[in-house]
Amino acid sequence: MADMQKMGGQFARFFVVGIAATLAHLAVYIALNHLFGLGEEDKLALTVTYSIGYVVSFIGNYILSLKWTFRTGGSVKKGLGFAFSHAVNYGMHIGLLNLFLYLGVGGLMVRCLQATVPWLVEMFPVLGHGEDIVPFAVYVIVVPVNFLLVRFFLTHGDEKKA
């Protein structure tokens, strides 16, 4: 039971750090998309801006995950494990982003938002751009998988031997 409570606390802190990292990622991605005037048809350029945002969020995420989320010390082994888990995570992000762009998921999300909460899209115009909101569909899938990978690599071996 104590392990479940510990994991629950870690997941709550992971969630907070994840929100911060996600906001940083999205802010860079959306800012670059608008700076360069990118749309859903600019799939390669969107992949690049998404990747730049991912790298920015990765740096802060590592520091906060190590020191606050899992409250553990750093090591080369843990750093490599974190980098590996995020390489897997990045692959999932990019694969799903491009799949969802290809399938037009962002446009579908925009149409759903406009049909159900048009006032929200009017209040936050970024919600009217499929390329800007499609990452939310990606996050729904990759966040739980990433939690398990990061938790494994940053806490493996921390258990006290009885």
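Reader: With which side chain does the side chain of Asn89 make a polar contact?
Author: A polar contact is a pair of N or O atoms within 3.5 Å; within protein, one atom must be able to donate a hydrogen and the other to accept it, and residues adjacent in sequence count only if both atoms are side-chain atoms. For Asn89 the distance is 2.7 Å, and the partner is the side chain of Tyr54.

Reader: Good start! At what pLDDT do side-chain atom pairs count?
Author: Residues are numbered from 1 along each chain as its sequence is written, and side-chain values use heavy atoms, with hydrogens and water left out. This is a predicted model, where totals for chains, interfaces and linings use all residues, local features need pLDDT of at least 70, and side-chain atom pairs count only at pLDDT 80 or more.

Reader: Does Asn89 count as buried or exposed?
Author: Asn89 is found in helix H3 (residues 76-103); helices (H or I, at least four residues) and strands (E, at least two) are DSSP runs, numbered from the N terminus. Buried means under 20% relative accessible area, exposed over 50%, and partly exposed in between, with a 1.4 Å probe and protein chains only. Asn89 has 3% relative accessibility, so it counts as buried.

Reader: Which residues does Asn89 touch, not counting residues up to four places away in sequence?
Author: Contact means heavy atoms within 4.5 Å. With those sequence neighbours set aside, Asn89 touches Tyr54, Val142 and Asn146.

Reader: Let's zoom out. What pattern does the protein chain follow along the sequence?
Author: The protein chain holds six helices and zero strands. Its C-alpha atoms fill a box of roughly 55 × 30 × 25 Å along the principal axes, and 38% of its 162 residues count as buried. Read along the sequence, the pattern is α-α-α-α-α-α.

Reader: At which residue does H6 bend?
Author: The expected span of a helix is 1.5 Å times one less than its number of residues. In H6 the bend is about 40°, at Tyr139.

Reader: And H2: what does it span between its end C-alpha atoms?
Author: The buried residues of H2 include Leu46, Tyr50, Tyr54 and Leu66, and just after H2, Arg71 takes a positive phi of about 45°. A straight helix of 27 residues would span 39 Å, but H2 spans only 34 Å.

Reader: On to the rings. Are Phe58 and Phe82 stacked, edge-to-face or tilted?
Author: Rings of Phe, Tyr and Trp (its six-membered ring) pair if their centres lie within 6.5 Å; planes under 30 degrees apart count as stacked, over 60 as edge-to-face and the rest as tilted. A search of the whole structure finds six aromatic pairs. Phe58 and Phe82 have ring centres 5.4 Å apart and planes at 45°, so the pair is tilted.

Reader: In which helices do Phe58 and Phe82 lie?
Author: Phe58 is partly exposed at 25% relative accessibility, whereas Phe82 is buried at 0%. The pair links distant parts of the chain, 24 residues apart, with Phe58 in H2 (residues 43-69) and Phe82 in H3.

Reader: One last stop: which residues does Ile141 touch, not counting residues up to four places away in sequence?
Author: Ile141 is found in H6 and is partly exposed, at 39%. Setting those neighbours aside, Ile141 touches Leu96 and Phe100.

Technical notes. Bend = angle between axes of the 7 residues up to and from the residue.
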